[in-house]
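The sequence and coordinates come first.

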Amino acid sequence: MRYNVFKLLFFIFISQQIKANIVLPNIFTDNMVLQRNADVKMWGWANPSEEVVIKTSWDNSEYKIKGNNQAYWEISIHTPQAGGPYNITAKGYNEVQLSNIMIGEVWICSGQSNMEMTASWGIKNGEEEVKNANHPNIRIFTVSKAAATSPQNNLVGNWQSCSADVMKNSSAVAYFFAQKLQQDLNGIPIGIIVSAWGGTPAEIWIPQEVIQNNKELLASANRLAVKEYGPNEPGRAFNAMINPLTKYKIAGVLWYQGESNVGANHYGDTLSALIGSWRNLWNYNFPFYIVQIAPYNYGEDNFDGVIIRDAQRKIPKIIPNTGIVVISDIATIDDIHPKDKKPVGIRLANLALSDYYKTNATIINGPLFREIKIHENKVAVYFDYADGLYFKNGNSNQFEISGADGKFYPAKAFIKNNTVILNTEKVKNPVKARYAWKNNATADLFNNAALPASSFLSE
């Protein structure tokens, strides 16, 4: 099976060149959303030295640029506060018109199948959600799957206004995120660019040279299994499905991936490299919000799944302007694709509304492990976002502690002043603690926002 559609892209490009001198990349189409109140880039191709005049209808401004000797041009235009619809005209020897353009907030949604999953796959309450999905000022651009051995400058896709038919075949998580964001931001237009591919490891979404220049990441990437349904070599999806977007101004990124890295080493370093490389290319430390993968029966004789969850938990501790949403309370441990996608999108939106837009003052995180303190034979576990800490069933059997020998034993747990206190007669001098440390462990510790605690292993 071939994953490269760039022969088609080349044909499209050449066909457009025959018909016209000015050509825009496919991210610029009717119905698109541009980031509000920003200097956004537009770019494309034209004859060398051909003058291109960009005219924007929101202020009737004109921007002029000439094609260089590589037949390429690039220019910044300023966008207003949210609104629309507007038009943009690019005129040289020919004229290209873009219509029904909205100005608002633009987010990239990437990852693997749980990000890609649509209502047509059978999500919870899918039929009802599809029926009510008439949001003309939510615009969705779904990037067609493609792989390439070198960075590309174009991709396949087009912007669509959200209708029932469009929503049904678009990322459910992205849609629910956009719906909640628009609702709480007073109806401003929301643009969602979905670039996801089921079954893909994180390494294929990272520039190849980033992997090659890091011995640990390269060794881990070299152990990736060959798959029939997608690429497994570093950079392949990045080259085709992300690189063409890196000039497009965005508010931030949502990331839902990790299942295909279960059993691999250094996932935390891999994800850190992905975030850093994307931010470098956009030249902007945009917010990057992660969905922690759900508990699943990866096997009883290993901790491969929970190790990935713990690596994801640590990212906001080490990388500024990142966040995580925990979904272990809505997991179905016998299905790697939890069907209840609405809470996932809403939790991501609440995170953005709180941390980025500063419009939400409520608790938007479940309890996240901060530290432990040892008091003789007891361990006190401290959490961030711990207000109203409680056990769902009145008690918990998911905490364990160990001594210097590294052997963990189940611990009795009780809550005092929003702190979990642990002890067991089997460990006289505790050193470490862990919680929900199984691949399929679902949460039983919550805060007063009814959000679940993440699994953790103390350092």
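## Basis

The model is predicted, and local features need pLDDT of at least 70, side-chain atom pairs count only at pLDDT 80 or more, while totals for chains, interfaces and linings use all residues. Residues are numbered from 1 along each chain as its sequence is written, and side-chain values use heavy atoms, with hydrogens and water left out.

## Whole chain

The protein chain has eleven helices and 23 strands (DSSP runs numbered from the N terminus: helices are H or I with at least four residues, strands E with at least two). Its radius of gyration is 24 Å, close to the 23 Å from the globule rule for 459 residues, so the chain is as compact as a globular protein of that length (taken over C-alpha atoms; the rule is 2.2 Å times the number of residues to the power 0.38).

Along the principal axes, the C-alpha atoms fill a box of roughly 85 × 45 × 35 Å. Of the 459 residues, 57% are buried (under 20% relative accessible area, 1.4 Å probe, protein chains only). Among contacts (heavy atoms within 4.5 Å) between residues at least 6 apart in sequence, 73% join residues at least 24 apart.

## Helices α5 and α11

The axes of α5 (residues 172-184) and α11 (residues 342-355) come within 7 Å and cross at roughly 45° (lines fitted to C-alpha atoms over the stretch in contact, with angles from 0 to 180 degrees between N-to-C directions).

The contact residues divide into ten nonpolar, three polar and three charged (Ala, Val, Leu, Ile, Met, Phe, Trp, Tyr, Cys and Pro count as nonpolar, Asp, Glu, Lys and Arg as charged, and the others, Gly among them, as polar).

How values were computed. Buried means under 20% relative accessible area, exposed over 50%, partly exposed in between (1.4 Å probe, protein chains only).
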